[in-house]
Amino acid sequence: MKFILISMMLANPITYADKATCLTAVDALKQIEAEAVCIPAPLAQQDASDKMVNHMRNFFYMLNNIKLNLQLS
């Protein structure tokens, strides 16, 4: 999942590939006494590979639920 860095020091938010990288930028901004925060990027900002991974995760989750339901029957 991508994360967006929001700060009053930046004219436009910056999108990072992961939370750890975004938090590194937040720490750097805090060293110069600038407030900043990382938030999850909206789905519209995800690229094709992010969407594919999310679809695969959902697919495996559904398969696991079907398996559990069959075992209970």
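Select valine 37 to start: with 41% relative accessibility, valine 37 counts as partly exposed. That label covers the range between buried (under 20% relative accessible area) and exposed (over 50%), with a 1.4 Å probe and protein chains only. Bear in mind that you're looking at a predicted model, where local features need pLDDT of at least 70, side-chain atom pairs count only at pLDDT 80 or more, and totals for chains, interfaces and linings use all residues. Residues are numbered from 1 along each chain as its sequence is written, and side-chain values use heavy atoms, leaving out hydrogens and water.

Stay on valine 37 and show its surroundings. Leaving aside residues up to four places away in sequence, valine 37 touches Ile4, Leu5, Ile6 and Val26, a contact being heavy atoms within 4.5 Å.

Next, colour by secondary structure. Valine 37 lies in strand β3, and the chain has two helices and three strands in total. Here helices (H or I, at least four residues) and strands (E, at least two) are DSSP runs, numbered from the N terminus. Read from that end, the order is β-β-α-β-α. The radius of gyration of the chain is 18 Å, well over the 11 Å that the globule rule gives for 73 residues, so the chain is more spread out than a compact globule. That radius is taken over C-alpha atoms, and the rule is 2.2 Å times the number of residues to the power 0.38.

Now pick the cysteines. Which residue does cysteine 22 pair with in a disulfide? Its partner is cysteine 38, with S to S at 2.0 Å; a disulfide here is a pair of cysteine sulfur atoms within 2.5 Å. Cysteine 22 lies in helix α1 (residues 19–31) and cysteine 38 in strand β3 (residues 36–40), so the pair ties together parts that are 16 residues apart in sequence.

Finally, zoom out to the whole chain. Along the principal axes, the C-alpha atoms fill a box of roughly 60 × 25 × 15 Å. Buried residues make up 22% of the 73 residues. Of the contacts with a separation of 6 or more, 45% come from residues 24 or more positions apart.
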